[in-house]
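I opened my notebook to look up a few things in a structure. Here is what I went through, entry by entry.

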Amino acid sequence: MNDREGSAKSSGAPHRAVAWIALAFALVVPALLLAAWWRPLPGPSAAYALAGRVPWSDGSDYWSAAQHLLQQGMLDEWGSRRPMNGAFLAARLALGGDHLLAALLMQSALLALALAALVGVAANRLGMLASATLGAALLAPIAVVQCTTQSEGLGLLLAIASMAALLRACAGRGGSSSVEPRVTSLSIGMALLTVAMIARPGALLMIPALAVGAVVFAWRSGRRAAVTTATGLVAAVAIGISVNGAAKLLYADPSSLANANFAGTLLGLARGTDYYEADAWLRSQLSPWSDERERSELAYAESWTLVREQPGVLAQSLLRNLGRFVSRAWPLLAIAGIGLWRAPRSERWLWISGWCGVLLSVPIVFGDGGVRALAASWPFLLASAAAALRSRPATAPPISARELTATRPFAALGVGAAVVALAFVLLVPLVARPVGLLESLPRHGSFEVDQYPSPGTEWVDWV
């Protein structure tokens, strides 16, 4: 047996077991949703889908925005902040007769396909043990978000599909680990990650960090390789941004302000508090009838004034958020470091640049949402840790053409799930007839809630 054959066998090269493990994870995800429908999970699912059924808090706002789109052809002001999420829910409600469980099952099915795709690609790139660990680890956040109408559902779905494409890109062109990433897979992965980050804003600086890392790695193969990689990445990010732009153009309230949340985030950092305190202050300064544009303009003006007068407060806020993240995530960082040490050089740019993007973003976003703000980064974070369990050693021969070809169906599965989700966003609401005031929630049932969740970062950090 030669070295290449031995490496292929030890790495868990694609065979029937890979397909079976991917299928197993695909079947578990809808089962989790059905279980949560009758027995709600604690944490965010209890906060944003009371008893697993009634949309609550921001979940109720997304549900109302979707109903507004179906009944009046346009999202309301709140839903126009992130139009992709309202359109995604509206499309599923229209297809499912405006019943909430049917809409959630569609989301769950797409999440299951994306997870199966990532598990299949990871089994080839990292080995069976790492792949199974990654799939099992992702079941926890999937179980929490799939039974809600929150933005995490779409963000996590697209991010999982993106991670499958990015892992495949690390195989290198021509199956060699010494050349630039596979540009097609890399571009698809970056386009999906861009859309995911817009649907569920969080570690947005991962986008430029990953782009720089990919181009720098490709430069080692020559200027032409770097230019080709950079061109593909620019096109990918532009496509990702245009998807959100199209949704905003089609469905958003023209007077709305996209991602108005960031104004409150910035004001919270400048005041040394958080979004919730800043939002309460803003509402005390304006009339109850003020819209988001007025609140955002006041927030930005006050933020810049405070930054000029007290820059130290902003610096302390950023350092505090970074410290809180590191104090909670240091085991993950340590395991990811082992994964980086064991990774082949064709993969190291992904883990290094991705973590740089996360750590640069955390000081800005962690104070408002804790780990929830990083929902679109969860697949990357968990994959970087699972890489520590890889069965293919860093010194193994480059991945063979046969092994690379075997990842194609899995990558296509993940991309297909993402494309269907984006088709829901852009196409279905255009052709769906207004559903009217149909009852989307259960006709019977009692919901016992001891205490409504209070906003703030301490609660979400519990997750």
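Entry: Before anything else I wrote down the burial rule: a residue is buried under 20% relative accessible area, exposed over 50%, and partly exposed in between (1.4 Å probe, protein chains only). I looked up Glu347 with that rule, and at a relative accessible area of 0% Glu347 is buried. I then checked the whole chain: 55% of its 463 residues count as buried.

**Entry: ground rules.** I'm working with a predicted model, where local features need pLDDT of at least 70, side-chain atom pairs count only at pLDDT 80 or more, and totals for chains, interfaces and linings use all residues. Residues are numbered from 1 along each chain as its sequence is written, and side-chain values use heavy atoms, with hydrogens and water left out.

**Entry: confidence.** pLDDT is the predictor's confidence in each residue, from 0 to 100. My chain averages 83, and 83% of the residues score at least 70. Helices (H or I, at least four residues) and strands (E, at least two) are DSSP runs, numbered from the N terminus. I found 20 helices and 2 strands in the chain. Confidence is highest in helix H17 (residues 378–386), with a mean of 96, and lowest in helix H20 (residues 457–461), with a mean of 35. I also noted that residues 1–14 stay under 50, and that the model gives them 30 contacts (heavy atoms within 4.5 Å) beyond four places in sequence. Residues 174–178 are below 50 too, with 13 contacts beyond near neighbours in sequence.

**Entry: contacts along the chain.** Residues 24 or more positions apart account for 78% of them.

**Entry: salt bridges.** My rule here is a side-chain nitrogen of Lys or Arg within 4 Å of a carboxyl oxygen of Asp or Glu. How many salt bridges does a search of the whole structure find? I got 6.

Arg125 pairs with Glu347, their closest N and O atoms being 3.3 Å apart. Arg125 is in helix H6 (residues 100–125) and Glu347 is in helix H16 (residues 345–369), so this pair ties together parts that are 222 residues apart in sequence. Arg125 counts as buried, at 4% relative accessibility.

Next I looked at Arg200 and Glu152, whose closest N and O atoms are 3.4 Å apart in a salt bridge. Arg200 lies in the loop between helix H9 (183–199) and helix H10 (206–219), while Glu152 lies in helix H8 (residues 152–169), so the pair ties together parts 48 residues apart in sequence. Both Arg200 and Glu152 are buried.

In the salt bridge of Arg271 with Glu277, the closest N and O atoms are 2.8 Å apart. Arg271 counts as partly exposed at 28% relative accessibility, and Glu277 is partly exposed with 28% as well. I also jotted down a network: salt bridges that share partners join Arg125, Glu347 and Arg390.

**Entry: rings.** Rings of Phe, Tyr and Trp (its six-membered ring) pair if their centres lie within 6.5 Å; planes under 30 degrees apart are stacked, over 60 edge-to-face, the rest tilted. I found 6 aromatic pairs in the whole structure. One cluster is made of Trp351, Trp355 and Phe380.

**Entry: cysteines.** A disulfide needs two cysteine sulfur atoms within 2.5 Å. My search of the whole structure turned up 0 disulfides. I looked up Cys170, which is buried at 1% relative accessible area, and Cys356, which is partly exposed at 40%.
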